[in-house]
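Please read it alongside the sequence and the model.

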Amino acid sequence: MRIDRLAARELGEFWSLREDVTVLFGQSTVLRTPWGELRLERPGPLLREALHRMQFGPVSLGNVVPGFPGYDVPENEWNEASRELLDALEPLQHLIVRHIAIGASPLLSVIPLSPRATFHPPPVTPRGELRVRKEAVLRGPGHEPVLAYEGADHRVELHGPDAPRLLAHLQGATGDFRSPADVPLPRSVVRAALAYAVAAGVLCAVDLKGSARL
């Protein structure tokens with residue numbers, strides 16, 4: 001299911017390939033990437049279907065595997081098909097863009113920037129104060145906000161009319177959800193965005209002495 005076919009104002013998690021990745025299907029599946037070709041020998045049907053869908057943009061993998069888990073579902077609650085697909089996608093993390101949406105509206109994307117990029121959002125956001133890394137810079141004045149820094153494995157892009165509200169949460173973040181009256185974002189969406197930003201390396205926890213814990 002494509003993002004633009006959803007209507008409810010609730011959390012959506014979506015997967016896609018980087019725009020510069022091309023997939024060639026055959027007996028072997030070849031992925032042409034910015035870092036060279038990657039050949040997958042006899043990939044299973046779930047992985048082939050996921051790659052086929054992801055090459056066209058953000059999709060819900062719940063339409064490939066019913067019951068596909070969100071980032072906050074413990075591994076011991078995954079069904080076997082979900083485990084199979086996630087295990088197959090694990091070596092491809094540096095090619096996969098992860099997205100958060102509110103209903104039909106894309107809100108946040110995490111784009112891998114290096115062949116060493118891995119992405120594992122914590123199922124529970126660290127409690128207490130979180131801080132945007134001092135190295136991270138906010139780019140795109142007059143455009144949608146982008147959080148990135150030199151040498152990072154990911155960049156975080158915010159999208160749409162809710163981007164300023166989410167940016168306010170990221171810049172003054174705590175692990176405990178607090179929503180001012182003028183920042184009406186669903187709790188589940190803010191929690192997911194914090195977890196994604198932590199996994200992307202642009203947010204880090206702060207200890208009691210005020211220093212960052214990476």
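**Briefing: salt bridges, sheet and hairpins**

The structure holds 8 salt bridges, a salt bridge being a side-chain nitrogen of Lys or Arg within 4 Å of a carboxyl oxygen of Asp or Glu. The model is predicted: local features need pLDDT of at least 70 and side-chain atom pairs count only at pLDDT 80 or more, while totals for chains, interfaces and linings use all residues. Residues are numbered from 1 along each chain as its sequence is written, and side-chain values use heavy atoms, with hydrogens and water left out.

**Whole chain**

- The protein chain has 4 helices and 12 strands; helices (H or I, at least four residues) and strands (E, at least two) are DSSP runs, numbered from the N terminus.
- Of its 214 residues, 48% count as buried. Buried means under 20% relative accessible area, exposed over 50%, and partly exposed in between (1.4 Å probe, protein chains only).
- The accessible surface of the protein chain is about 11100 Å², and 51% of this belongs to carbon and sulfur atoms. Accessible areas come from the Shrake-Rupley method with a 1.4 Å probe; for residues, only the protein chains shown count as cover.
- Among contacts in the protein chain with a separation of 6 or more, 60% are between residues 24 or more positions apart; contact means heavy atoms within 4.5 Å.

**Salt bridges**

- Arg18 pairs with Asp20 in a salt bridge whose closest N and O atoms are 2.5 Å apart. Arg18 is buried at 15% relative accessible area, whereas Asp20 is partly exposed at 38%.
- Glu157 forms a salt bridge with Arg155, with 2.8 Å between the closest N and O atoms. Arg155 is partly exposed, with a relative accessible area of 23%.
- Asp162 forms a salt bridge with Arg165, the closest N and O atoms being 3.0 Å apart. Asp162 is buried at 8% relative accessibility, and Arg165 is partly exposed at 31%.

**The open sheet**

- An open sheet is formed by 6 strands in the order S1-S5-S6-S10-S9-S8, with antiparallel pairing. Two strands pair if DSSP finds at least two bridges between them.
- Strands S1 (11-17) and S8 (137-139) stand at the edges with a single partner strand each, so one side of each has no neighbour in the sheet.
- From one strand to the next, the twist averages 20°. Axes are lines fitted to C-alpha atoms, for helices over the stretch in contact, and angles run from 0 to 180 degrees between N-to-C directions.
- S1 and strand S5 (residues 96-102) run antiparallel and are joined by 7 bridges. Ser16 stands opposite Val97 in S5.
- Helix H3 (residues 163-171) lies across strand S6 (105-112), S8, strand S9 (146-148) and strand S10 (154-158), and runs at about 135° to S10.

- In strand S3 (residues 28-33), 5 of the 6 residues are buried, so S3 is largely enclosed by the rest of the structure.
- Strand S2 (residues 22-24) runs antiparallel to S3, joined by 3 bridges. Thr22 has Arg32 as its bridge partner in S3. S2 and S3 form a hairpin with 3 residues between them.
- S3 also runs antiparallel to strand S4 (residues 36-41), with 6 bridges joining the two. The bridge partner of Thr33 in S4 is Gly36. S3 and S4 form a hairpin with 2 residues between them.
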